[in-house]
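Here are a few questions to work through with the model open beside you. Have a look first, then read on.

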Amino acid sequence: MEIKELKEAFAQAYGHEADRIYFSPGRVNLIGEHTDYNGGYVFPCALSFGTYLLLGRNGGKTMRFKSLNMPEIVEVGLDDLTTPLPGKSWVNYPMGCMAWYVRHGHQFDQGLDILIWGNVPAGAGLSSSAALEVVAAFAANDYLGLNYNHTDFAKIGQLAEHEFAGVNCGIMDQFASSWGKKDHAIHLNCDTLEFEHVPVKLDGIKVVIANTHSPHHLDSGAYNDRVAQCQTALEQLRTVRPALKNLAELTEAEFEQIEGAITDPTAHKRARHVVGEVQRTADAVRALKAGDIETFGKLMNASHVSLRDDYEVTGLHLDTLAEEAWKIEGVLGSRMTGGGFGGCTVSLVREEAIPAFIEQVGKAYKEKTGIEADFYIAEIGDGARRIE
Ligand code: GLA
């Protein structure tokens with residue numbers, strides 16, 4: 001949808017013009033999966049598609065929320081913003097971010113009308129919810145004339161996800177949406193939040209996203225279970241290493257020395273993934289900086305295997321897409337991206353191999369699952385911003 005059409009949709013829904021327009025993108029993670037809530041490194045990039053938020057003052061005492069994908073307008077009193085709506089209302093994501101400002105003493109002087117439209121495929125593991133949170137956190141800061149920064153918007157979004165959506169996620173998605181930079185990935189230390197933008201200019205190679213169309217159920221509890229299993233592993237490791245702050249602090253050699261302290265076999269596998277993934281992420285970023293894309297690709301494949309066997313977050317759909325991709329000449333690497341349990345894979349593919357990749361992977365996937373996969377060539381875009 002064009003901005004002009006969005007403005008018309010706003011005027012039609014609310015009977016007056018929008019005052020401001022904001023945008024925040026979805027993300028794809030290249031490597032470093034399920035490391036963020038373990039204090040490890042991640043390496044995501046923001047996409048060129050994301051979520052738009054149009055906002056206009058309504059002179060009243062309520063916030064009104066409308067998404068162009070939903071029929072209804074949801075109205076919430078200014079005094080009720082800090083109470084999550086019952087059920088799984090999408091409004092909780094933007095409202096949870098606005099609530100943060102209210103809780104921190106920043107009152108809205110009057111009601112606002114808000115229109116949302118996004119072009120991140122929902123349930124695809126490309127962070128449509130983080131895009132919605134971050135755009136709301138950014139918009140509220142701008143509207144209220146405050147000086148919070150892009151790291152704050154990421155933290156506000158993450159907190160809304162915890163408190164208003166019940167998912168104990170790490171900070172990767174919101175951080176990538178907030179701090180994205182065109183043609184760069186973000187090498188983020190999720191413990192300290194120090195980060196570096198690393199150029200992803202790949203000569204003759206594209207980042208291709210493949211959508212399983214098998215929705216990932218991030219709120220289904222399987223994600224929160226992984227977070228809890230890592231916590232169990234950490235606590236058991238602390239019996240022999242009391243000062244250990246995060247799983248991600250351990251090198252693989254250090255882990256091997258003390259892994260026997262983890263008595264729960266599931267927690268042990270989860271921890272082994274995290275420690276290995278942190279090492280792979282460091283190696284991958286080093287390889288990319290040195291122009292060694294082959295090594296980067298191999299590390300992506302190894303990441304998928306670990307997420308399949310030790311972290312157990314892949315399943316038939318993601319495994320089929322990745323494993324079929326590995327067979328194709330010109331595919332440097334392919335792995336699941338995001339939380340898992342459905343969603344998307346990310347692959348590095350030589351340009352001349354893209355048609356064969358799409359055809360052969362698509363065909364094999366259809367045969368195994370009965371589902372048509374979708375393929376997008378990713379454009380790496382900028383982070384949260386005001387458009388008008
Ligand atoms: C989801 C979460 C992130 C991160 C990834 C896995 O996208 O929102 O915080 O944990 O899964 O890397």
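Q: Is Glu372 buried or exposed?
A: Buried means under 20% relative accessible area and exposed over 50%, with partly exposed in between (1.4 Å probe, protein chains only). Glu372 has 54% relative accessibility, so this residue counts as exposed.

Q: Which side chain does the side chain of Glu372 join in a polar contact of 3.3 Å?
A: This is a predicted model, where local features need pLDDT of at least 70, side-chain atom pairs count only at pLDDT 80 or more, and totals for chains, interfaces and linings use all residues. Residues are numbered from 1 along each chain as its sequence is written, and side-chain values use heavy atoms, leaving out hydrogens and water. A polar contact is a pair of N or O atoms within 3.5 Å; within protein, one must be able to donate a hydrogen and the other to accept it, and residues adjacent in sequence count only if both atoms are side-chain atoms. Here the partner of Glu372 is Lys366.

Q: Which residues is Glu372 in contact with, leaving aside neighbours within four places in sequence?
A: Contact means heavy atoms within 4.5 Å. With those neighbours set aside, the residues are His213, Tyr365 and Lys366.

Q: How far apart in space are Glu372 and Asp225, C-alpha to C-alpha?
A: In sequence, the two residues are 147 residues apart. In space, the C-alpha to C-alpha distance between Glu372 and Asp225 is 30 Å.

Q: Which residue in S3 does Ile21 stand opposite?
A: Strands (E, at least two residues) are DSSP runs, numbered from the N terminus. S1 and S3 run antiparallel, joined by 9 bridges. Opposite Ile21 stands Leu54.

Key. Pairing = 2+ DSSP bridges. Helix = DSSP H or I, 4+ residues; strand = E, 2+ residues; numbered from the N terminus.
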